[in-house]
Amino acid sequence: MSHSHGPDGAAGLHTINSTSQLQQPQQQGIAQPPPPVVLTPALLESLKVSKIFKDNTQAITSIHFDDTGSKCVTSAADESLHVYDCYTGKLEKTLFSKKYGVNLARFTHRSTSVVYASTKEDDTLRYLSLHDNKYIRYFRGHEKRVTSLEMSPLDDQFLAGSQDTVRLWDLRSPNCQGALSVMGQPVVAFDPSGLVFAVALGGTLRLYDVKSFDQGPFVTAMIGDSLGIPHTSIYATQIEFSSDGKNLLVTTGSDAHYIVDAYTPSITMFKLVGHNTNTFGNEPFTSGGEACWTPDGKCVVSGSRDGDIYVWDISRAIADQAAGLVNGSSTGNASNSTNGSTGNLLQSNGELRPFKTLKAHGTPSHIVAFNPKYLMMVSGSTELAFWEPDPNAAVVDALHDFSKGGRY
């Protein structure tokens, strides 16, 4: 993570480096920021709520960052879109979609436009310019509610899954580029290369080649089967590839998330447990954003009904599993490991407990997202919380502290 200084001299957010890089030599006479610092468990442990926004009257249903990490957009059940500036920690723009509703708002590869799903009138996808609040294009074809929407990391194509089809679209054309018939509620994800996409239906996972997906999946796997968990008991609400493309996170609205080997999807590596799932009345808990990877693909963070954020160290668990450092029972202690391994957090049956619980804002954190470029995280309920490292934590300096603004 490095910090930069804007025209007003304010310190910027710390950038994340997911791989080791050599520091570039400085050009004489040109000031350069220090090199990015690797995201460590210690830095994750230091995250705290730095600002809370109360801009919504109903639950936030989606959170997404633009490619640069400088903007964050949310959609909510109150039919609003809010755009936040991650540098200043301020609300930048509020838009409403009262006629059509709004869900699954995703930035395109430009921070000035989003594509989102309708929740009323019809199931059309809408491509909106945030600059002048005008629609650029409509994408018609889904005949049931869209439940998953993801942009390709490679180009202007995007996937949308509804309760009747999974469709491939291109921002440049109103015409569907191809479709798969499905039954159920699909969730979709591109791998980091943009050449492969995954579709999960309940506990069944299928992988497709983007260029030839009409020929069917090249892999079909049952999530959980390798751990002795019936795949019929699993209901995926979101899937996400790790940044290196090696692993796949399968989130659910229940008491467990799953890590699948993306190269051998028949292997479910871990069942992530230990996050609070006590009920708050009959409140549904299936936002589709219950958990996510950290940008380096090494850890998973999850929201919970108690509002806290739970963190699992996946990279360490993989190393420990390979070394046979697991507990024999399924009743391990959830205390933090002290020897650098996941220790008693990892059980022989694949259950992995979080190594850290981050105290949050008290209301159920049913959706969470990590900035792809900067060391900040957001979580949501009806409120939106910005998370940053404690300025007093080791190796964190000149941090832009939003907390002085209190509740926005």
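1. How much accessible surface does the protein have, and what share of it belongs to carbon and sulfur atoms? The total is about 17500 Å², with 48% belonging to carbon and sulfur atoms; accessible areas come from the Shrake-Rupley method with a 1.4 Å probe, and for residues only the protein chains shown count as cover.

2. On provenance: this is a predicted model, in which local features need pLDDT of at least 70 and side-chain atom pairs count only at pLDDT 80 or more, while totals for chains, interfaces and linings use all residues. Residues are numbered from 1 along each chain as its sequence is written, and side-chain values use heavy atoms, leaving out hydrogens and water.

3. The protein has two helices and 31 strands (DSSP runs numbered from the N terminus: H or I of at least four residues for helices, E of at least two for strands). Of its 408 residues, 54% count as buried (under 20% relative accessible area; exposed is over 50%, partly exposed in between; 1.4 Å probe, protein chains only). Taking contacts (heavy atoms within 4.5 Å) between residues at least 6 apart in sequence, 48% join residues at least 24 apart.

4. Leaving aside residues up to four places away in sequence, Met-377 touches residues including Leu-47, Val-301, Ile-309, Phe-370 and Trp-387.

5. Strand S20 (residues 236-241) is largely enclosed by the rest of the structure, because five of its six residues are buried. S20 runs antiparallel to strand S21 (residues 247-252), and five bridges join them (two strands pair if DSSP finds at least two bridges between them). Ala-236 has Thr-252 in S21 as its bridge partner. The S20 and S21 hairpin has five residues between the strands, and Gly-245 takes a positive phi near 75° there.

6. The whole structure has zero disulfides (pairs of cysteine sulfur atoms within 2.5 Å). For Cys-86, the closest cysteine sulfur is that of Cys-72 at 5.4 Å, too far for a bond. Cys-86 is buried, with a relative accessible area of 0%, whereas Cys-176 is partly exposed at 29%.
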